[in-house]
Amino acid sequence: MPMSGPEIEGMIRAALPGADVTMTDLAGDGDHWAARVAAPQFAGKSRVQQHKMVYDALGGKMGGVLHALQLTTEVPT
């Protein structure tokens with residue numbers, strides 16, 4: 001069963017307190033998501049490091065119950 005947007009968002013927020021997370025269902029099937037994550041923890045980190053932090057927050061669910069995630073990360077202004 002695919003992960004819901006609120007589930008994904010909750011996992012990201014739990015790992016990155018204070019993050020602003022916006023989820024978008026790209027295909028309307030609950031299986032292909034886009035996430036925009038703005039987190040203060042990203043300050044001074046490369047884009048690759050930021051993305052790894054989000055993937056780590058998802059606890060290895062990428063490629064399994066979470067099929068596809070288009071990720072945009074940024075440091076809040």
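Gln-50 is buried, with a relative accessible area of 5%; buried means under 20% relative accessible area, exposed over 50%, and partly exposed in between, for a 1.4 Å probe and protein chains only. Gln-50 belongs to helix α2. Helices (H or I, at least four residues) and strands (E, at least two) are DSSP runs, numbered from the N terminus. A polar atom of the Gln-50 side chain lies 3.1 Å from the backbone oxygen of Lys-45; a polar contact is a pair of N or O atoms within 3.5 Å, where, within protein, one must be able to donate a hydrogen and the other to accept it, and residues adjacent in sequence count only if both atoms are side-chain atoms. Residues up to four places away in sequence not counted, Gln-50 touches Phe-42, Lys-45, Thr-73, Glu-74 and Val-75, contact meaning heavy atoms within 4.5 Å.

This is a predicted model, in which local features need pLDDT of at least 70 and side-chain atom pairs count only at pLDDT 80 or more, while totals for chains, interfaces and linings use all residues. Residues are numbered from 1 along each chain as its sequence is written, and side-chain values use heavy atoms, with hydrogens and water left out.

**The sheet**

Three strands form an open sheet in the order β1-β2-β3, with mixed pairing. Because β1 and β3 stand at the edges, each with a single partner strand, one side of each is left without a neighbour in the sheet. From one strand to the next the twist averages 15 degrees; axes are lines fitted to C-alpha atoms, for helices over the stretch in contact, and angles run from 0 to 180 degrees between N-to-C directions. Helix α1 (residues 5-15) packs on the sheet and touches β1 and β2, its direction making about 155 degrees with that of β1. Helix α2 also packs on the sheet, touching β2 and β3, and its direction makes about 125 degrees with that of β3.

Two strands pair if DSSP finds at least two bridges between them. The two pairings are set out below.

| Strands | Sense | Bridges |
|---|---|---|
| β1 (residues 20-25) and β2 | antiparallel | six bridges |
| β2 and β3 (residues 68-74) | parallel | seven bridges |

The hairpin formed by β1 and β2 has six residues between the strands, and Gly-28 in its turn has a positive phi of about 75 degrees.

Thr-22, in strand β1, counts as partly exposed at 36% relative accessibility. Beyond its neighbours within four places in sequence, Thr-22 is in contact with Ala-34, Ala-35 and Arg-36. Thr-22 and Gln-50 are 28 residues apart in sequence, and their C-alpha atoms are 16 Å apart in space.

Gly-5, Ile-8 and Ile-12 are buried in α1. These residues cover an arc of only 70 degrees around the axis, which puts them on the same side of α1; the arc is that of the directions from the helix axis to the C-beta atoms. The buried residues of α1 pack against β1, β2 and α2, whereas the face turned away from the buried side carries the exposed residues Pro-6 and Ala-14.

A nonpolar core is a set of buried Ala, Val, Leu, Ile, Met, Phe, Trp, Tyr and Cys residues joined through side-chain atoms within 4.5 Å. The largest such core has 17 residues, of which Ile-8, Ile-12, Leu-16, Val-37 and Leu-69 touch the most other members. Elements giving two or more residues to this core are α1, β1, β2 and β3, and the largest share, three residues, comes from β2. Leaving aside neighbours within four places in sequence, Leu-69 is in contact with Met-23, Trp-33, Ala-34, Ala-35, Tyr-55, Leu-58 and Met-62.

Gly-60 lies in the loop between α2 (47-57) and β3. Gly-60 is exposed, with a relative accessible area of 66%. Its C-alpha atom is separated by 16 Å from that of Gln-49, eleven residues away along the chain.
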